[in-house]
Every structure is written in C-alpha cells, then in structure tokens.
Amino acid sequence: MPDQFEDLREAEELSEDEERLLDELGITGESRRRFLGQVGVAGFSIFAMQVIAQRQALAAGGTYSEAAADPISLENAVKVVFKVNGEKKTVEVDSRMTLLDTLREKLDLTGSKKGCDHGQCGACTVIADGQRVLSCLTLAATCEGKEVTTIEGLAKGEELHPMQSAFIKYDAFQCGYCTPGQICSAVALIDEAARGDASYVTAVEGGSNTKLSDDDIRERMSGNICRCGAYPNILKAVKEVHKGEETAATWKFHRPDEKAGADKEVADETV
Amino acid sequence: MRPFKFNSASNVRDAVNAVSKNDSAKFIAGGTNLVDLMKEDVERPTELVDVSRIDLRQIRSEGDSIIIGAMAKNTETANHPLVKMNLPLLSQAIFAGASPQIRNMATNGGNLMQRTRCVYFYDTSMPCNKREKGSGCAAKEGLNRMHAIFGWSDECVAVHPSDMCVALAALDAVVRVEGPDGKEGKAREIGFADFHRLPADDPTRDNTLKHGELITAISIPKNRFARNSYYLKVRDRASYAFALVSVAAAAELDGKKINAVRIALGGVAHKPWRASKAESFLKGNEAVAENFEKAAALELEGAKPLGHNEYKVELAKRAIVRALQKAVR
Ligand SMILES: Cc1cc2nc3c(=O)[nH]c(=O)nc-3n(C[C@H](O)[C@H](O)[C@H](O)COP(=O)(O)OP(=O)(O)OC[C@H]3O[C@@H](n4cnc5c(N)ncnc54)[C@H](O)[C@@H]3O)c2cc1C
Ligand code: SF4
Ligand code: FES
Ligand code: FES
C-alpha cells in the first residue's frame, strides 16, 4: 500500500520553519538525525510551533508574554504542503496568513509585491494551478496540494521567459513595482487566449482569440494597475509575445563595449 | 485580522453541519470578498469552513434548465460553451465584473453572497446599520454618489455590487440551497427575485439565506433570448470598476414585434432591480428607439435619488435605451 507510506513520509517531513529553527539551534547533519531520533519529528514540531507562533505574534506587534501564552495562534496553526516553482514546500502558517505573505516572509520569494493588499491592484498576481490569481486574497491554508508559479519561477536558469524579455525590450515599466504582477498576469493571458477564453471585449464585440485587438489586451490586463503609467509599453510587450512575431524595438540596452560610444553620442548631442 | 479556526469540508453535509453549530462560523469559497472584509475587520468569523473543494463545479443541462455549480469559478462559467451559446447575457455580465484574476478565484455561490461596496460599510470608524445594527447610516446624508435610487430605506441606501446577479435576475434564475433542516441531497429552491432583499428595517441581512445554508447550484431556465441580449455596464473607468449603472437586456422578437422582454438594472438598489414597468410597456410593442425611451422614462418615474446621485436617473434611462438597442440589433 504505497499511499500509506506516502502519508508517513509526509508526516515525518520538517517544514521550512522547522528546518530553519534547527539550523539556528546549531543542530545539523548527523546530530540532527540523532536529535530527531530521540525526540521524534512530531515532538519537535510541537516545540517548533510554539516558537514560531511566538515569533509571529511578536512580528505582528504583540508583547513577549502575550506571544508566549497565546494558545489561539497555536491552535490555529495550519500545515500546508504545496509546490512553489516546481519545488515541494511544507510550511506551518497561522490560519490568517495569506499566500502573498507566505511567499515573501517564509519562502524568501519577495518578487511578488504587496501593493494594496486588498485585491485592487494586481501587484501580487501569481499563477496557481495554471490560473492567474491574487495572492493577497488567497489564504495560505487553502493552498494544500496546489502548484504555484511566481515571477521567480518563469525563467529557465539564465534564459528569461519571452514575456520577461519583451518587457525589457519595450521598457514596459518605470519603477518596476507592478512588473512581477504584470508579467505573471501577461503570461497567463497568453495561455487563456490560446485556450480560446473570452473577455468582456470578445464577448460583446466578437473578435478573435488568436489575434487579440489592442482593446482586448487592455481589457485582459486591466487587473494590473501601474502607478507609473507604463501601459502603452506593456501593451506592446504583451502584443509581441501574443502574436509571436518580433517588431523592431524603439530602444535597447547598450552592451558594456558599446557604452563609451553611446556616452559620446549623447555628449555630442548635448553640446 | 482576528484569529479563526480553519477547516476544509469535502462534502455539503460536513460543511453545513460545521457552520450551523457555530453562530460566528462562515463558509469561505474564493475568498475574494471575505478575506478583504476580514482584513478590514468588518467580518469577524471565529471559524472558516473552506467549501471550494466540494464537488459542486459542474455546469450542465438538466431538462429545461442549465445548472451552474456553486463552486464553479466565474471564469469557467462565463467561458463554458453551454453558457456562451445559450446564456450569452450571463457570460457578458460575468466578464464585466472585477478582473481576470478575481474571476479566476471567485465562485458563483460567493458572487451572489458578496457584500456592498458602500465606503462607510468598509470603514469601521463610521456609523453603518448594515455593519452594526442601530448605529446609523453615514451614507444617507453623506457622500452617496454611488448609492441607491430605488428601494432604499432610512436605515440603508447601499447598492448590491454584483454584475452576474443582474443577468441572473433578468433570466429568472433559481438558487438551490441546502441547510441544516433540509433532507440530505435535497435542495431548497429560492426564486432569484426573492433571494436578495431590500434593506427595509434590517439592512444587516443582504438576502434570505439562513445561517448554515449553503448555495449548491444556480438553475437558469432555458430561453429564446440568446440572439437578442446585451449587458451594458457604465462605470468610472473603462474596466475593473464597479457599476454606476448597469443594464441586462434581453428580448424575443417576432420581426419588429417584442414577444418577450427582460430588463434588470445594477448599481441602483440593494438588490438587482427588475424593470417590470418598462417590461410590461414593451411587451407586444415594436422594438424601436421611441418605445425604448418611453419604457425607460416610465421605469425611472419611480426613482428617488439622494443628495449626490441624481445623475443616475438620466444615466439609467439612457443606459436602458442603449442596452435594448444593442440587444435587438
Ligand atoms: C477589487 C475588486 C473588484 C471587484 N469588482 C467587481 C465587479 O465589478 N463586479 C462584480 O460583480 N464583482 C466584483 N468584485 C467582487 C467579486 O465578484 C466577489 O468578491 C466574488 O464574486 C465573491 O466570490 P468568492 O467565491 O470569492 O466569495 P468569498 O469571498 O469566498 O465569500 C463571500 C461570502 O459568501 C459566502 N459564501 C461563499 N460561497 C457560499 C456558498 N456556496 N453558499 C453560501 N454562502 C457562501 C461566504 O461565507 C462569504 O460571506 C470585485 C472584487 C474585488 C476584490
Ligand atoms: S448605506 Fe447601508 S451600508 Fe452604507 S453606511 Fe448606510 S447602512 Fe451602512
Ligand atoms: S496586493 Fe494583491 S491586488 Fe494589490
Ligand atoms: S512600473 Fe511603477 S507601478 Fe508600474
């Protein structure tokens, strides 16, 4: 019965926080194996949960005694096993913790941004089970078994995702704060269009999914607000990847060896 | 956010039982409305029961109706071939709401249950009868540009924010719910007009669902409106904004003659507003602009604007005419 064994292994696994705590305590390698052999993973988990609950309460502005004696946060701890950027993660979270905070605070994936924290801006957009969603309105506790892709998971090693390259090519940002959300959203948009999903624009005006009109792309990207107003260039980037054909960029980064020449040109112009 | 216990339910019975036995427990589906309101300290459940994994996601044809599961996401509902082909009005209304990310999370059941976006309801430092019975209504004499022109009471002048529900009202949908009293697997059915309510003297209640009752599905009678329907939404931005006024219009034509017509308005009342006066005027009449204008004027005779929303009266009239023109085109 392989299923039972799988469950066993699951229960024996340490969460990210527990791993970190053991590291902090200096219990590593062989001594970690021996230590866990003596107290058991479950026994250690109870201790770890108390420490973690205290730290979370402290981080939320509570006092130490309040944190130490807070049985509620302990009672409300939820263990979640899910995949992030292809890697299996086990985390223990307070039931109140959002996916966004879990990614940023517990998994050190700070690419997803907290803009409004209320579902209004799209800066926290990630892709969960193939769908773009808002991580600020998703409770981590609801993510059991899900596969989440964040901006950190789009590139293949050093090779950028085509949408990332297109954003660079068209200078589709200014401060860059909304950009991870814009890119995750745009990546999902391409898949949705390929599947034949409609939008309000397609639904009332008709039109084709294989060749989205500019208005349709704007509508489909409307869940991502850019306070710098980089919309025209975002549209160009999305359009290029959607159509899969390159158009000439209006500007480019200079390679280091071109830099001197470039500075000279600018200097010449200003004189 | 206040602490709460979290549980996930795998079937209707477990979910209903869990919520029924705790007065301050709530279901959570997509979380797009509830999590926001919990962050604002407006909703304060001590326990959440996740119903999103319950197998209520099917969209199917059943006799004379199309059934959409309560846990189906707004996106998959709007894109489903059965809905696109037979109920394009519903697809359009869903697509007009929120953003792609939110529609991917939002469930059909949750959409019906979403609460008002009245800014005073969201602000816990302001009086609001909907949030706290008897505390007063800050909007009645406050900034009420976004508020109701029909059916409000002195207790509350808020509007229901859903787009999807406006189409469901026009299409005479029926809400199927299961509760603690009912027999297992046997749903109570609530006609859409009776689901949401006007504020009257108890604005804390948005609808007639009882505590512990779970929406399991929405059933929509098959109709002949697919060829001639249109959802028009007028808002402050071109997209991703709540309606100032919206209109779901559908007609069944015999040449120029209107055999049947349905009109519902969003953004004007505490519930989706069926424009029955306009409907009865148009039935049997010709589908021409002049009649649309008369019908719209007749309906808006009953409007009672507040301090800042008189503009909605004229806007609603023109929106009705425009939506009908688009529908019969
Ligand atoms: C920024 C923003 C913009 C938006 N714009 C629009 C818009 O333009 N138009 C529009 O129509 N909507 C809009 N929405 C609202 C959105 O459509 C709703 O939040 C969504 O439909 C709620 O569904 P949910 O599954 O996420 O519900 P949840 O947030 O999970 O639940 C909402 C409520 O419903 C209850 N509930 C959930 N499922 C059931 C069930 N099956 N039976 C009984 N009770 C249940 C919950 O207990 C809770 O009280 C917007 C939301 C946001 C955040
Ligand atoms: S209109 Fe309703 S929701 Fe808004 S403040 Fe008044 S009572 Fe509250
Ligand atoms: S941070 Fe999630 S939508 Fe703004
Ligand atoms: S680039 Fe600054 S917010 Fe979009």
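In the predicted model, ligand 2 is surrounded by 14 residues, a residue being counted when one of its heavy atoms lies within 4 Å of the molecule, and the closest of them are B:Cys118, B:Cys128, B:Cys137, B:Cys156 and B:Val157. This shell comprises 10 nonpolar, two polar and two charged residues, where Ala, Val, Leu, Ile, Met, Phe, Trp, Tyr, Cys and Pro count as nonpolar, Asp, Glu, Lys and Arg as charged, and the others, Gly among them, as polar.

Residues are numbered from 1 along each chain as its sequence is written, with chains lettered from A and ligands numbered from 1 in the order in which they are written. The model being predicted, local features need pLDDT of at least 70 and side-chain atom pairs count only at pLDDT 80 or more, whereas totals for chains, interfaces and linings use all residues; side-chain values use heavy atoms, with hydrogens and water left out.

Between the two chains, 42 residues of chain A are in contact (heavy atoms within 4.5 Å) with 37 residues of chain B. The area buried between chain A and chain B is about 3,100 Å², of which 56% falls on carbon and sulfur atoms, buried area being the accessible area (1.4 Å probe) that two parts lose on being put together, summed over both. On the side of chain A, the residues that lose the most area to chain B are A:Arg96, A:Leu137 and A:Tyr200, which together account for 23% of what that side buries.

One salt bridge is counted between chain A and chain B, a side-chain nitrogen of Lys or Arg lying within 4 Å of a carboxyl oxygen of Asp or Glu; it joins the side chains of A:Asp117 and B:Lys39 at 2.8 Å, N to O.
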